[in-house]
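Open the model in your viewer and keep the selection tool at hand. We will go stop by stop, and at each one you will learn what to select.

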Amino acid sequence: MSKNMTQKWVGTLLSCTMLVTLAAACSSNSNGGNNTVNNNGTTNAGSNAPIASPAAPAVDYGDTGGLTLPLVDKPTEITWMVSSDFNVDNTLVVKELEERTGIKVKFQTVPSSQYKDKLSVTLASGDLPDIFYGLPINDLKEIGQEGGVVAINDYADMLPNFSKLYLEENPWIISSYGDESGKLFSWPVYELNRDVNHGFMYRKDILDANGIQPWTDTDSFYSVLKQLKEIYPDSYPYASKTGVGVFRDWAYGWGVGSYEYPVFYNEGAGEWQLASTTAEHKAQLDFMKKLYNEGLMDPEFITDTADSWSSKMTTDRSFVTWDWIGRLDLFYGQVKDANPSYDLRYGLPVGPTGNIRTLPKVDANFALAVANNKNSEASLKLLDYLTSISGSQLISLGVEGVNFEWDENGKPVYPELADRDVIDIFALSEKYGMWLESTYLRPDKRSVYFNYTEREQEAQDLINSEQRFEALDPVLNFTADEVSEIVDIKTSIQTAAEEFNTKYVLDASYGDVQWNEWIARTESLGVAKLLEIYNAAQARYDAAQ
Amino acid sequence: MVGQRKFGLFDLFNTIVLALVACATIIPLIYIAAISLSDTASVTQGKVWLWPKGLNFNAYSQVLNDIKIPRAYLNTIMYTALGTFINVFMTCLAAYPLSQREFVGRKYWMFLIVITMFLNPGIIPNYLIVKELGMIDSVWALVIPNAIWTFQLIILKSFFEGSSSAIREAAKVDGASDYRILFNIMLPLSKPALASIALFYFIGHWNSYFLPMIYLNTDTLYPLQVVLRQMLVFSEGSGSSAIVEAAALAPQAKKNATIVLAMIPVLLVYPFAQKYFAKGVMLGSEKG
Amino acid sequence: MPDTNIVSLPVKEKPTFKSKMARLGKRIVRDRQLLIIFLPCLLFYLLFRYGPLYGLIIAFKDYSVFRGIVDSPWVGFEYFEKFFNAPEFWQLFRNTFLLGFLTLVFSFPAPILLALLLNEVRISWFKKGVQTASYLPTFLSVVIISSMIIDFLSPTNGIVNNILNSLGFASKYFLIDPDWFRPIYIISEIWTNAGYESIVYLAAIAGISPTLYEAAKVDGASRFKMIFSVTLPSILPTVLIMLILKTGNMITIGYEKVLLLYNTMTYEVADVFSTFVYRKGLLANDYSYGAAVGLFEAFVAMALLLISNYVSKRMGGNGLW
């Protein structure tokens, strides 16, 4: 073999490598010269063009709750990690915030599906963004205790909105979301939730066509399903897509529901108990069993996927279900071409209590935190501004006269988005940087987010008129050790409970004997210890009130 | 094999079985494609099977009109080309010495390499090392840290082992250096092996989604899979927040359109690579 | 007169350290070109495969993301103990092992068979078509595949039951029957991976020298016999390597597919280590626990690999080293 061959190979290799390196360099150059190594948006980004120092506001920005704008004396850049599928660098909100507060916010947008992983690696590599959210609350507390994030209430005197809204009006959040020494590390979110978000729903058009009245309680629920089955013998009137979640979703109607399911707070007894072994739960299971045995409940309720369930609900094979409220309009929108009379409506709760779950008014589970660094004070003030009326309106409404106008109903209208069929918070996010996750600390009720469609409004009224809400369980505060123990026991019990519940309903032979065996089983799995931990935390909670 | 043969019973049996295999693998994809071309009502009602109902290209135009797509396609092509090249090159360099039976320390190298297949310390330590090397947010993070897949290395080494000692000895007698043996003799003779590992690496790069997501921060660098998934605003979280629920609204047709679009280039690659699996490439190398 | 014509054989001394080193040195010099070629690979493994291994100590620490790996406190075998003492441990072990083993047994031959059959095809477009079709499933995500499986197996209107009905059988709810979980899982694994894995065998077959076939033909072998006497033996080294590797990987079952295919009625056979850790992770992020389970799985995998490698060599075949 001649030397030429070798040279040929080497030559080819070299040229390939060169070509490819060129190509790589080209692509990375074209993203705006951001080739420097530490790209996690540290605040030392010296490549900023000098920002004109913020002049005293000649414009009235509304009620800032006592904060003076601008919030900082010199231009400051703050990094905020958010989950978003759009880049929001030059949007209205970012520009407005800079103008009003003097703070340039660099939103580090991470695609929603990978947010958690990205957050872990970012934290692990030591580059805490100035503001971030998404860690489990207990992890955040640990970080706070080690000095990684600031204790918000330590800075209360420079945070008028926080002080008023939380320290004065909702002091319980400290005992629920703070750590043992009363330090709060996560910024709460105020009144994000609607009143009614999930519930039972039914095909009004089918019921009307057959002269059936919608149910008002559990017995009439059963009777409605029975009538439907008689008229449509091949159908399974009730369908479900939540798999084992169905037990948790129905639990509120039987008084044993909780965000800590299968553990719940029994208001009457004043203690935490295991829902899965209560008499009420057995009643719920017996009711489900009856429905299943009589062919009223879809036998595939454990394995149905969202798609197969959608298919059943839109082809008259099922008529009643339980889901998120948006589905009322979503299904209609999807099938109106094929079936214009399709009408899914919200129904009254099922179960002896006749109640649905209460959604908390104040929630700090977002775990929105401020890193402990030289920008901490600026970050805190920024969050306080966003908690003020002025700031929250910017985030949830926009800037009046710039991107929206009021219509005759007092609702905002966005002329630039007139060509879109749906103006929801995603559209607003993409175009204006509004409604970015974790920035909506106090959403304005007039925002499109709270636009109820006719069906949704009907649902709201239905529940609100009779205040059909189960009491909200106290938000307990656990130490790191307690969390660790809880996770071990609770996973085992939850798995076992799911297995038992399903078998009880599906297997005709399951009855009282198996129920008693089940109760014994929970004891061997450690339920006593689990409840002991919960009740100890409850005692601490009560003492702190 | 030389000469024509009659189409016998065996061939009939063979053809039927393979046709079934092809059906089994193609039909689900036709199903996916059919949904991507159908109207929303029929899809929601579950009425679409192998033929689109209410044929329309809305899902495709929605996806293709997004300005991020051409850039993402380009990125993926570049990452895949560069990545596969580096992969094959590095794997060859590793497999050749290991395939020589008398290579000093061979057993030890093999053991040390093989055990890395099982020990996975998770994303965080890997991320930290990539960061230390300054490769975060660049194409290098996608092609260097996984330059060699132990699995492919073992396969290639096993192919090289087939006849390489005899070849090497003969060549050494002729005075050839190992470099020359590797590049001028072994590689041309190992086309099927190289093609197969190249194909595996290609598929790996093309499908990769998680690592680009973790290592890249700038959205103009995102490859196709990442951008496609972003478009679906797809959230599998079961949080009670209404916002999370609203996010899971991606229509089925659009989801499926993204799948089809990601798959089309791959469909074109295999037939191209297939010619390297032609037989008889190691003609006469055994004679000696 | 002393007999000086006798050639004295060298006395076999025990190899001294010095002589061993000398021999090693000679071999290094002899193989210097190979070593240089090998160098990039060595650096790669050192940096990117061994470098991160310090992260494994997470399993022995109470890991906090903020403190980092180095500064988190040591807890020794605490997480391992927790794991071994979990009430579900033995069930998980049995499930993981059985699922992995059965998957290996049934899915291992499939790609080989496919490659052998494809090899016999004369019509080029058919061959290419089937090959391309066969490896397409690897491009579908697990979510989509599971969705389809659940659809096909639906007792009310899934295809499988429709076919059963038309043949006169009653509908069966396969997905909630524990006896059917493993078959469903295994069949879907074969469907997803057989085409992709057959590529290796096809490449191996392509490397078989035609003279071997000619010689067999001269001996009067039929096509069937040729497969057994030429093709199979020639690809045996490849087959063994793949078998050893897959045996090692046997129990590392990912959580995604099982998670999507199992349900409360099949937990007792379907719940494996990875799904167990996943469910725990839903309640609280416990990296250390997950790391401990992962390390345990890694050790079992390595043991399996060593055993299968040894067995293969003992039986006269080749091994990984």
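The tour below goes from whole chains to single side chains.

This is a predicted model, where local features need pLDDT of at least 70, side-chain atom pairs count only at pLDDT 80 or more, and totals for chains, interfaces and linings use all residues. Residues are numbered from 1 along each chain as its sequence is written, chains are lettered from A and ligands numbered from 1 in the order in which they are written, and side-chain values use heavy atoms, with hydrogens and water left out.

**Stop 1: chain A**

Select chain A and colour it by secondary structure. Helices (H or I, at least four residues) and strands (E, at least two) are DSSP runs, numbered from the N terminus. Chain A has 545 residues, and 56% of them are buried. Buried means under 20% relative accessible area, exposed means over 50%, and partly exposed lies in between (1.4 Å probe, protein chains only).

Now show the surface. Chain A exposes about 22100 Å², with 51% supplied by carbon and sulfur atoms. Such areas come from the Shrake-Rupley method with a 1.4 Å probe; for residues, only the protein chains shown count as cover.

**Stop 2**

A salt bridge is a side-chain nitrogen of Lys or Arg within 4 Å of a carboxyl oxygen of Asp or Glu. Over all chains, the count by this rule is 41.

Select K490(A) and E260(A). Their side chains form a salt bridge, 3.1 Å from N to O. Which parts of the chain does this pair tie together? K490(A) lies in helix 17 (residues 480-506), while E260(A) lies in the loop between helix 9 (245-250) and strand 6 (263-266), so the pair links parts 230 residues apart in sequence. K490(A) is buried, at 6% relative accessibility. E260(A) is buried too, at 13%.

Next, select K282(A) and D286(A). Their closest N and O atoms are 3.2 Å apart, in another salt bridge. The two residues are 4 apart in helix 10 (residues 279-293), which is about one helical turn. An α-helix has 3.6 residues a turn, so residues three or four places apart point the same way. K282(A) is buried at 15%, whereas D286(A) is partly exposed at 31%.

Move to R248(A) and D249(A). This salt bridge spans 3.3 Å from N to O. R248(A) is partly exposed, at 38%, and D249(A) is buried, at 5%.

Finish here with a group. Select D329(A), D343(A), R345(A), E454(A), R455(A) and E458(A): salt bridges link them in a network.

**Stop 3: chain B**

Select chain B. How many helices and strands does it have? There are 15 helices and 0 strands. Of its 288 residues, 56% count as buried. Its accessible surface is about 12000 Å², and 66% of that belongs to carbon and sulfur atoms.

Zoom in on helix 15 of chain B, residues 252-274. Look for a kink of about 30° at M263(B), shortly before the proline P265(B). The bend at a residue is the angle between axes fitted to the seven residues ending there and the seven starting there.

**Stop 4: where chains B and C meet**

Show chains B and C together. In all, 88 residues of chain C contact 93 residues of chain B. Contact means heavy atoms within 4.5 Å. The two chains bury about 8500 Å² between them, 75% of it on carbon and sulfur atoms. Buried area is the accessible area (1.4 Å probe) that two parts lose on being put together, summed over both.

Conventions: Expected span 1.5 Å × (residues − 1).
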